[in-house]
Amino acid sequence: MALSEADTRAKLIDPILHSRGWTEDLVHREETAQGVDIVDGKPKRRQRGRTDYLLRIRVNISTQPVAIALIEAKRSDEPPDKGLEQAKKYARLNDVPFVYSSNGHLFIEYDYFTGKTSTPSPLEGFPTPQELRQRYEQGAGFSLEAESARPLLIPYPSGEASRRYYQDAAIRAALAKIARGQKRILLFLATGTGKTFIAVHLLKKIADAGQLRRALFVCDREELRSQGLRHFQNVFGANAAEVTGTNPQKNARILIATYQTLNVSTDEEDARFLTEHYPENYFSHIIIDECHRSAWGKWSIVLRRNPEAVQIGLTATPRSFEGGTKEERCEDEEITANNLEYFGEPVYEYDMAQGIEDGYIAACEIIRREINLDLSGVTRGDIERLGARDAVTGQPVPVSEARGHYEAPSFEDIIQLPDRVKTMCQDLFDMLLQTGDPLQKTIIFCTRDNHADAVAAEMNNLYADWCSNNGEPRLEPYAFECTAEVGGSRYIADLRGSMRSHFIATTVDLITTGVDVPCVRNVVFFKYVRSPIAFHQMMGRGTRLHPPTNKLMFRVYDYTNATRLLGKGFVTRPTPTREPKEPEGEEKKKVIRVEGFDVHVNPAGTYIVTQKAGKLSMVTVEEYRELLATHLVGEVKTLDDFRSIWAEPSERKDLIDKLPDDGRGVRLLREIMQWQEYDLYDVLTQIAYGMAPKTRKERAEALRYKHADWFKSLPLQTENTLIALAQQFVKGGTDELESPYVFSAPEVKEAGGLEALKALGEPRDIISETKRRLFAV
């Protein structure tokens, strides 16, 4: 009889893997966030993606397990190689060299080191951890016990719940290259995927391995420096400091600086601050944020003065461009080629389409608009017919001084067209009304400062009319110019944080790169863009998710054909068949009450109320997972220690009481995650130590194959009674197994009860032994 994928895993693959030495602490399950489809213009979450078997090896009990292999399981009646191509994709994303597909009877292997695919082999011959470790070390070019590999073995300070699978993969890929003695590393990850998290934890692992002397993190603007400082100080505390024009921060180990502060932002600058305060090879590690931005201009002196440093480049720009013309791509392709020549091929890549697929960045809907005037251009005849005036003085301009023809890219640059501005703004405002309301946070990219000023004024007029016509109070400022000329950077915090003002930002390039404004729902192109790099950065302003406002998608309103620069390579998940519209009406909140907590589930997301920094706060589910992991890893360093504590009721109670909210939080989290079939043991070990969780039923079934020899040594009635005890665990978990009435359960009594267990000792000892074996790896 054919087995489903789930049964193939539980009944065929799991027992054999365990027999080959792949204990529970070496098998990790990776889950993605829920991807987003856009249905009828609204975002809809999909089920989570999942990798059930990420195989890891551990050098010793206290080190971080290192992922090296992945298994894709298929139904028992399907060919063993059916999942291999799918598994190869997952393996690239997880940065593991050994890829397997299995139907529970046979398995196929693909080895990225050799590029070879094996013939089908019986699953009983699956490689052991030691065998794969030897092959991994041979292929990778270093021993995991080598000094250079120590950073790979450093655990995450906040447990494994703090990182996403691709962040871990990127960190491992970079550290592996460093372990091979190579010092130039390039990482490409889409905007909104957490490159700063990667930078922080790369340096943290290197520092905890005792291999970091001083590090420099270089970014382009003060806003980015402030963002970076917050992230670094969360992990390094006072050891991370921002470099200013008056303070080189030579007492700190991690320095966060801008190109401008170092006097290396343009070719005209003299790098005086850099050369005066930091001698050659002052830094052991340098990370260049958005390393594509300035190509190889003056700032490259930062790298050239530190040739012995490990140098890491981070970028959100793809290494190749498919959209636009060859002329438009030329300069950006040269920048990318320079990066590749200096750093080498990216050790890890995670693009925007994959981020949308996984649900880590917002889904994107593109609305293209055409303007008749942009198609035809403006001729001298048009100017003669309509007249022209000087944009500064207002005086008439002779037709003879006008050009013969103005193409669309020159609009609002050298020729201002107020009617065009008014029409485009009206169209955009109508779009905002169609997709919600005019208070959606929006960034409009304009051609020049005076264009940004005109657009802001027109959007304000439209909003004022709408408020008047609908009896709504005006929330001001509504639209505002956010350019360098007017000190726009001081408004970014309001754009990001205020829900009562600063809704429409008109800018030229101040918000083009790096600035985190997760609540932005619309990115608008009133500006003609020729650079693929600049376009990807502008579009990236909308990619971040924003749980407080339930932002799962964003829209690009393209009035200038800027999205041509995406090319054919930009593929999101196909939009599903449109669903019938549900009756309109306000969605009601639903309340879940578990052990004293109130959780409101509504369109604004799901939160847990907890104590944070001494105050009652709302935190997202993901933040609470990280909070739990941090506390747990702080109390119990290793999985083996946790297992020992868990088996002892008093020690377990003490540990749970030390967790946030006296353990009520982890039970609430289990409810929210819909993990009611899992014992708290599996919830906590997954969050803190990255162990693949088993349901209570799966854990009871695993007891039989993990300890088959033990069962065979027992009388049949004793064996049946122990199995009946395990079924009590299935019903209620660890607490049920420790109930004083467990031996009175009908199933236990029918199987033989206490009489059948006398050979094993006292009841308390029997329960302890059963728990020990249930939670054994």
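**Ground rules**

Helices (H or I, at least four residues) and strands (E, at least two) are DSSP runs, numbered from the N terminus. The model is predicted, so I take local features only at pLDDT of at least 70 and side-chain atom pairs only at pLDDT 80 or more, while totals for chains, interfaces and linings use all residues. Residues count from 1 along each chain as its sequence is written, and side-chain values use heavy atoms, with hydrogens and water left out.

**Overall look**

Of its 777 residues, 55% are buried; buried is under 20% relative accessible area, exposed is over 50%, and partly exposed is in between (1.4 Å probe, protein chains only). I then checked contacts, meaning heavy atoms within 4.5 Å. Among contacts with a separation of 6 or more, 69% are between residues 24 or more positions apart.

How many of the five residues of strand 4 are buried? Five of the five, over residues 98-102, so the strand is largely enclosed by the rest of the structure. In a regular strand the side chains alternate between the two faces of the sheet. I looked at each face here: Phe-98, Tyr-100 and Ser-102 are buried on one side, and Val-99 and Ser-101 are buried on the other.

Next I looked at the strands paired with strand 4 (a pair needs at least two DSSP bridges). Strand 3 (residues 66-73) runs parallel to strand 4, with five bridges between them. I noted Ala-73 with Ser-102 as bridge partners. Strand 5 (residues 106-111) is joined to strand 4 by five bridges as well, but this pair is antiparallel. There, Phe-98 stands opposite Asp-111. Three residues lie between the strands of this hairpin, and Gly-104 has a positive phi near 90°.

I followed the chain from strand 3 through helix 2 (residues 84-94) to strand 4 and got a right-handed β-α-β unit. Right-handed is the case where, with the strands pointing away from the viewer, the path from the first strand over the helix to the second runs clockwise. In helix 2, the buried residues are Leu-84, Ala-87, Lys-88, Ala-91, Leu-93 and Asn-94. Asp-95 follows helix 2 and has a positive phi near 55°.

Val-96 is in the loop between helix 2 and strand 4. Is Val-96 buried or exposed? It is buried, because its relative accessible area is 4%. I listed what it touches, leaving out residues up to four places away in sequence: Leu-54, Ala-67, Ile-68, Ala-69, Leu-70, Ala-91, Tyr-112 and Arg-172. Arg-172 is 76 residues from Val-96 along the chain, yet their C-alpha atoms are 9.6 Å apart.

**Cores**

I looked for nonpolar cores, which are sets of buried Ala, Val, Leu, Ile, Met, Phe, Trp, Tyr and Cys residues joined through side-chain atoms within 4.5 Å. The largest has 71 residues, and those with the most contacts inside it are Trp-22, Phe-126, Phe-142, Leu-187, Phe-232, Ile-254 and Tyr-348. Helix 4 (residues 165-179) gives this core its largest share, 11 residues. A second, separate core has 53 residues, including Leu-639, Leu-659, Leu-684 and Ala-745.

Back at Trp-22, I checked its contacts beyond four places in sequence: among them are Leu-17, Val-27, Leu-55, Phe-126 and Leu-132.

**Rings**

I used this rule: rings of Phe, Tyr and Trp (its six-membered ring) pair with centres within 6.5 Å, and planes under 30 degrees apart are stacked, over 60 edge-to-face, the rest tilted. That gives 34 aromatic pairs. Tyr-282 is buried at 8% relative accessible area, and Phe-283 is buried at 1%. Ring pairs also link Phe-642, Trp-646, Tyr-681, Tyr-689, Phe-729 and Phe-775 into a cluster.

A charge sits over a ring if NZ of Lys or CZ of Arg is within 6 Å of the ring centre and within 35 degrees of the ring normal. I found Arg-184 over Tyr-342, 3.8 Å from the ring centre, and Arg-773 over the face of Trp-710 at 3.9 Å.

Which peptide bond is cis, with omega near -5°? The one from Glu-476 to Pro-477. Pro-477 is in the loop between helix 14 (449-470) and strand 19 (479-481).

Gln-249 is not a glycine, yet its phi is positive, near 55°; I placed it in the loop between strand 10 (240-242) and strand 11 (254-258). His-502 has a positive phi of about 55° too. His-502 lies in the loop between helix 15 (492-497) and strand 20 (504-507), and is buried at 8% relative accessible area.
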